[in-house]
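Some questions about it follow, each with a worked answer.

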Amino acid sequence: DAGSTSAAADRAQSNDSSAIIVTGYMRLDVDDPAKTMEEAGRIVEDADGSVASTNLVTDSGAPYASATFKIPAETFEATREKLASLGRVSEQSTSSSDVGAQVADLDARIAALKASIERLTALIDKAETTADLIEAERELTDRQAELDGLNAQRAWYTDRVSYSTLDVEFRSTS
């Protein structure tokens, strides 16, 4: 598959400052969607990944299941290949997105806010009037809230880079 080869090549060519988010999709034709989805979950968990969500429909004409897996980035390709061996792959795709620039920007903004918070804390310690103290505390609160938001964004990127997402559909062959 050209998409998965491209994603693997992107990751292999990335340097330490890059941050690559990989996502994939696979449709498997299988005898028993529910049983195969359980097997797939074990494969992912054996790779230190997790099952983010599952869906099983058995009351329609043909049983159907789907799952979203979070797979460690370094084992994504090997795990995807193991999952593909559970049935006949009728469709698959993989895409990657380099978010290194966004991560670097967040890191710079976080560092600047931390420095600003340190300066404001020093100002609070030296405040001579209540008005100065109140103004410095207001600014400190604003900057701390902004820092908390940026840290949450940074944690989201870290998770998405560390764990690739693979959506798998399990379609019944019967």
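## Helix, ring pair and cores

Reader: Which elements do the buried residues of H5 pack against?

Author: This is a predicted model. Helix H5 covers residues 130-162, and its buried residues are Ala-136, Leu-147, Leu-150, Tyr-157 and Arg-160. These buried residues pack against strand S1 (20-30), strand S3 (64-72), helix H4 (100-126) and strand S5 (163-172).

Reader: How far does H5 reach from its first C-alpha to its last?

Author: Helix H5 has 33 residues, and at 1.5 Å a residue the expected reach is 48 Å. The model comes close to that, at 47 Å.

Reader: Is Glu-139 buried or partly exposed?

Author: Glu-139 lies in helix H5. Its C-alpha is separated by 8.7 Å from that of Ile-117, 22 residues apart along the chain. Buried means under 20% relative accessible area. Glu-139 has 26% relative accessibility, so it counts as partly exposed.

Reader: How is the pair of Trp-156 and Tyr-157 classed, from its ring centres and planes?

Author: The structure holds 1 aromatic pair. The ring centres of Trp-156 and Tyr-157 are 5.0 Å apart. Planes over 60 degrees apart count as edge-to-face. Here the planes are at 80°, so the pair is edge-to-face.

Reader: Of Trp-156 and Tyr-157, which counts as buried?

Author: The cut-off for buried is under 20% relative accessible area. Trp-156 has 45% relative accessibility and therefore counts as partly exposed. At 16%, the residue that counts as buried is Tyr-157.

Reader: Which element gives the most residues to the largest nonpolar core?

Author: This core has 19 residues, of which Phe-69, Ile-71, Leu-83, Val-168 and Phe-170 touch the most other members. Two or more residues come from each of S1, helix H2 (33-46), S3, helix H3 (76-84) and S5. With 5 residues, the element that gives the most is S1.

Reader: Which residues is Leu-83 in contact with, leaving aside its neighbours within four places in sequence?

Author: Leu-83 is among the residues that touch the most other members of the largest core. Beyond its sequence neighbours, Leu-83 is in contact with Met-26, Leu-28, Ala-40, Ile-43, Val-44, Phe-69, Ile-71 and Leu-166.

Terms used
Residues are numbered from 1 along each chain as its sequence is written. This is a predicted model: local features need pLDDT of at least 70, side-chain atom pairs count only at pLDDT 80 or more; totals for chains, interfaces and linings use all residues. Side-chain values use heavy atoms; hydrogens and water are left out. Helices (H or I, at least four residues) and strands (E, at least two) are DSSP runs, numbered from the N terminus. The expected span of a helix is 1.5 Å times one less than its number of residues. Buried means under 20% relative accessible area, exposed over 50%, partly exposed in between (1.4 Å probe, protein chains only). Contact means heavy atoms within 4.5 Å. Rings of Phe, Tyr and Trp (its six-membered ring) pair if their centres lie within 6.5 Å; planes under 30 degrees apart count as stacked, over 60 as edge-to-face and the rest as tilted. A nonpolar core is a set of buried Ala, Val, Leu, Ile, Met, Phe, Trp, Tyr and Cys residues joined through side-chain atoms within 4.5 Å.
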